[in-house]
Amino acid sequence: MRATDAFGIGLAMVGATALGSACVDYSNMEPSFATLRQAAQAQGKLIGTAVDGALLSTDSEYARLLAEEFSAVTPENATKWGPLEPQDDTYDFSDADSIVATALDHDQSLKGHVFTWHQQLPSWVESISDPDELRLALREHMETTMARYRGQIKVWDVVNEAVDDNAPAGYRENIFYELLGPDYIEEAFLMAHEADPDALLYYNDYAIERMGHKADFTYQMLRDLVARDIPIHGIGMQSHLSVHRYPAADDLRDNIRRFADLGLRVEISELDGRTSGLTGTLDQQYEAQRIAFQETVASCVLEPGCAGVTLWGFLDEYSWLDDEGTEEHGLLFDDNYEKKPSYWGVMDGLRGKWAKRGPTLVKNGDFEDELDHWVGVDSTLSLESFEDQAHPVACARGRSSSESGLSQVDLLDAFASGGSFTFRAEVRQEGTAPAGINVALIVEQSGQDPSTLSLGYLYLEEGVWRTMRGSFALAWEAPPTSVRLSFSGPDPGVDLCITQVALNQLHPAPG
Ligand code: G3I
């Protein structure tokens, strides 16, 4: 079976309007607010963007939209170690000064980004091999930079992307980890606090938005730092989404809440949305992006512990996403500075409006009709009950391969016209060690091998129930001949149990 994550199927949209999506034309939707900044202010949240200093003087429309639409600013590159201190004790503050001055002129708050990271370090730092030399270099860099902007940049990303992506997660082995060990993280926060005791100090990372092994490791790491009174005040969940697959709102909200319960301010810190994973028409990609942004922004707005959302830029043409050669249409304004549907998705999210949810498309997802509509794949299916689970449960036992498990086969009608969806399920694995569970759609089309869209992956301990959730979008070049929902993943011999499976279509909120 050909497994592909980027779901290489796109639909020839019939009857799509020239401007907006075939569903809703957002270009003339009257928001309750004239700008994102006004909508965010009404909620007591910040709406920010990353800023490229060079554009402030070369693109007047960029500068105008920046001032009108956003209340917060993060220098995209200007306050990173490499751009700021290219040679030891030789600083170039020009770009950072320009961004800071412009933000202060427009009463925008600032977040400095970032002191310790494995990228954009100056070469003289990358060549350090002595731990004390690295400590001294970092301290002097922080002291010099934070002193210059004290009282102006009041929030700093101190540590960025310190956790690796593996399952189970661990520390990323960057130069700081290799020379100073994992304690570099608390050392960095202590140094920053000594350099500016009034600044709020953040940890920032990607792929920690949804519940899972990387978010769990990060949570335990920050819980330990907070418990030991290390001066850490916030966490940035970067949220570089793909519109064909992104964290479900309920999952993101639970995750925001648990970090907020540690006393941390949470921010969506680098929101953008790749569209190339959904090879449908541009209208379809924009529609999926609009809903993905609406769900993500609403998740922050409706969580008291979330301080706000920063987009990682706002004009598609200047997005880092296109630096790798694909056109990702990742932000809010097109090349004519026109608002895209994604702008209205952010506006709806700021207004606290979720996408509308249709009825569940899964048949007998609660197993109240025993095992109707479900089949075992190379395994034996049984209807069971568990003391720690209030609902009937279906288990796949005697699994003969990692592809085997449970499947619902008759979902063609549910997905034939594509769109955006969100799913959830309670899952449990019974094996000897933590194992990864995959939820996927297996799609068959005439004349092609079956293709797989992974909807979510959860790495979980043996014998515990966890909620698995994810949102995704679908588009077809030609209607499929079959679509089935599949739960699989653990090694052969590991039993897989599920219950409370739901899958709902997401529709744009009414105006
Ligand atoms: O400034 C130099 C220029 O002098 C040179 O001519 C040019 C060509 O080599 O490179 C320019 O530097 C580029 C820099 O952006 C400024 O444009 C670097 O090559 C390029 O790698 C750098 O990319 C940045 C990337 O971080 C670096 O990893 C992106 O703009 C920036 O959006 C991106 O942002 C990161 C966040 O900081 C952390 N989270 C992930 C996010 C995306 O990677």
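Biologist: How many Å separate the centres of domain 1 and domain 2?

Modeller: This is a predicted model, and its domain assignment gives domain 1 as residues 35-353 and domain 2 as residues 359-510. Taken over C-alpha atoms, the distance between the two centres is 33 Å.

Biologist: What area do domain 1 and domain 2 bury between them?

Modeller: The contact draws 28 residues from domain 1 and 22 residues from domain 2. Of the area lost between the two domains, 52% lies on carbon and sulfur atoms. The buried area itself comes to about 2,000 Å².

Biologist: How many salt bridges does the rule find across the interface of domain 1 and domain 2?

Modeller: Polar contacts can be counted here too, and between domain 1 and domain 2 there are six residue pairs in polar contact, with both residues at pLDDT 80 or more. For salt bridges across this interface, the rule finds three.

Biologist: How many of the 20 residues of H12 are buried?

Modeller: Helix H12 covers residues 282-301 and reaches 28 Å from its first C-alpha to its last, close to the 28 Å expected. The helix is mostly covered, and its count of buried residues is 19.

Biologist: How many of the 12 residues of H9 are buried?

Modeller: Helix H9 runs over residues 184-195 and spans 16 Å between its end C-alpha atoms, close to the expected 16 Å. Its buried residues include Tyr184, Phe189 and Met191, and what covers the buried residues includes strand S4 (109-116) and helix H7 (131-148). H9 too is mostly covered, and the number of its buried residues is nine.

Biologist: Is Lys111 buried or exposed?

Modeller: Lys111 has its place in strand S4, and among the residues that it touches are Val73, Tyr202 and Ser269. Because its relative accessibility is 7%, Lys111 counts as buried.

Biologist: Which side chain does a polar contact of 3.4 Å join to that of Lys111?

Modeller: Val155 lies 44 residues from Lys111 in sequence but 4.7 Å away in space, C-alpha to C-alpha. Lys111 touches Val155, Asp157 and Glu267, among others. The side chain joined to Lys111 by the 3.4 Å polar contact is that of Glu267.

Key: Residues are numbered from 1 along each chain as its sequence is written. This is a predicted model: local features need pLDDT of at least 70, side-chain atom pairs count only at pLDDT 80 or more; totals for chains, interfaces and linings use all residues. Side-chain values use heavy atoms; hydrogens and water are left out. Helices (H or I, at least four residues) and strands (E, at least two) are DSSP runs, numbered from the N terminus. The expected span of a helix is 1.5 Å times one less than its number of residues. Buried means under 20% relative accessible area, exposed over 50%, partly exposed in between (1.4 Å probe, protein chains only). Domain bounds come from an automatic or database domain assignment. Contact means heavy atoms within 4.5 Å. Buried area is the accessible area (1.4 Å probe) that two parts lose on being put together, summed over both. A salt bridge is a side-chain nitrogen of Lys or Arg within 4 Å of a carboxyl oxygen of Asp or Glu. A polar contact is a pair of N or O atoms within 3.5 Å; within protein, one must be able to donate a hydrogen and the other to accept it, and residues adjacent in sequence count only if both atoms are side-chain atoms. Lists of a residue's contacts leave out its neighbours within four places in sequence.
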